[in-house]
Amino acid sequence: MKIGQLAARANLNASAIRYYEKRGLLAPPQRLGGQRRYPSDALDCILLIHFATDMGFTLAEIKLFLSGLRHNTPVGPRWKKLAHHKIKEVDENINRSLRLKSLLKHLLRCHCASLQVCVQRLSLSPNLRLLAPHPMQPRR
């Protein structure tokens, strides 16, 4: 199929497909009359790339994952290692998001006289020890 058809089916711009090619994520297609002609399985690959980027994988990670991938290739040690690494990263993001949520909830309840007082009450540190109730401010 032509690049425009592939782009439409993947709901992407053709420039994104050319970019994936340039970065080595997508195999260069055959050319007929100077036009790119993609095999039908290129759509699956593009959808996987797009999904992985939406899920926070870098293009380098996706390239590593896809390199040498065949239709009948089982999940191997390289992919399992990448999955373990990504799970750790996701857990860190979840913890960071929970700390942010806690901070925002505190800020919604904040009645501090100034930003300086608020920062002191939050006990900001590398661990972001938040929301230890201040003796003068009741917890809600």
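Q: What does contact mean here?
A: Contact means heavy atoms within 4.5 Å.

Q: OK. What sort of model is this, and how are residues numbered?
A: It is a predicted model, where local features need pLDDT of at least 70 and side-chain atom pairs count only at pLDDT 80 or more, while totals for chains, interfaces and linings use all residues. Residues are numbered from 1 along each chain as its sequence is written, and side-chain values use heavy atoms, with hydrogens and water left out.

Q: So which residues does Glu21 touch?
A: Leaving out residues up to four places away in sequence, Glu21 touches Leu26, Ala27, Pro28, Pro29, Arg36 and Tyr38.

Q: Where does Glu21 sit?
A: Glu21 is part of helix H2. Helices (H or I, at least four residues) and strands (E, at least two) are DSSP runs, numbered from the N terminus.

Q: Is Glu21 buried or exposed?
A: Glu21 counts as buried, because its relative accessibility is 13%. Buried means under 20% relative accessible area, exposed means over 50%, and partly exposed is in between (1.4 Å probe, protein chains only).

Q: How much of the protein chain is buried?
A: Buried residues are 24% of the 140 residues in the protein chain.

Q: Step back a bit. How many helices and strands are there?
A: The protein chain has six helices and two strands. Their order along the sequence is α-α-β-β-α-α-α-α.

Q: What share of the contacts links residues 24 or more positions apart?
A: Such residues make 47% of the contacts, taking the contacts in the protein chain with a separation of 6 or more.

Q: Which residues touch the most other members of the largest nonpolar core?
A: Leu6, Ile17, Tyr20, Leu26, Tyr38, Ile46 and Ile62 do, in a core of 19 residues. Two or more residues each come from helix H1 (3–10), helix H2 (14–22), helix H3 (42–54) and helix H4 (59–66). H3 contributes the most to this core, with five residues. A nonpolar core is a set of buried Ala, Val, Leu, Ile, Met, Phe, Trp, Tyr and Cys residues joined through side-chain atoms within 4.5 Å.

Q: Pick Leu26. What does Leu26 touch?
A: Leu26 is in contact with Ile17, Tyr20, Glu21, Tyr38, Ala42, Cys45 and Ile46, with residues up to four places away in sequence not counted. Glu21 also has Leu26 among the residues it touches.

Q: New topic: helix packing. How is that described?
A: Two packed helices are described by the angle between their axes and the distance between the axes. Axes are lines fitted to C-alpha atoms, for helices over the stretch in contact, and angles run from 0 to 180 degrees between N-to-C directions.

Q: How do H1 and H2 cross?
A: The axes of H1 and H2 cross at roughly 105° and come within 8 Å. H1 and H2 are therefore roughly perpendicular to each other. Angles under 35 degrees count as roughly parallel, over 145 as roughly antiparallel, 65 to 115 as roughly perpendicular, and the rest as oblique.

Q: Which residues meet there, in H1 and H2?
A: From H1 there are Ile3, Leu6 and Ala7, and these meet Ala14, Ile17 and Arg18 in H2. Leu6 and Ile17 are also among the core residues that touch the most other members.

Q: What lies in the loop between H1 and H2?
A: Asn11 lies in that loop. Asn11 is not a glycine, but its phi is positive, near 60°. Asn11 counts as exposed because its relative accessible area is 71%.

Q: And how do H1 and H3 cross?
A: Their axes come within 10 Å, with a crossing angle of roughly 50°. H1 and H3 are therefore oblique to each other. Leu6, Arg9 and Ala10 of H1 make the contact with Ala42, Leu43, Ile46 and Leu47 of H3.

Q: Is that Arg9 buried or exposed?
A: Arg9, in helix H1, is exposed, because its relative accessible area is 55%. Not counting residues up to four places away in sequence, Arg9 touches Met1 and Leu43.

Q: How far apart are Arg9 and Leu47?
A: Arg9 and Leu47 are 38 residues apart in sequence, and their C-alpha atoms are 9.5 Å apart in space.

Q: Last pair: how do H4 and H5 cross?
A: The axes of H4 and helix H5 (residues 77–109) come within 9 Å and cross at roughly 155°. H4 and H5 are therefore roughly antiparallel to each other. Glu61, Leu64 and Phe65 of H4 contact Arg78, Trp79, Leu82, His85, Lys86 and Glu89 of H5.
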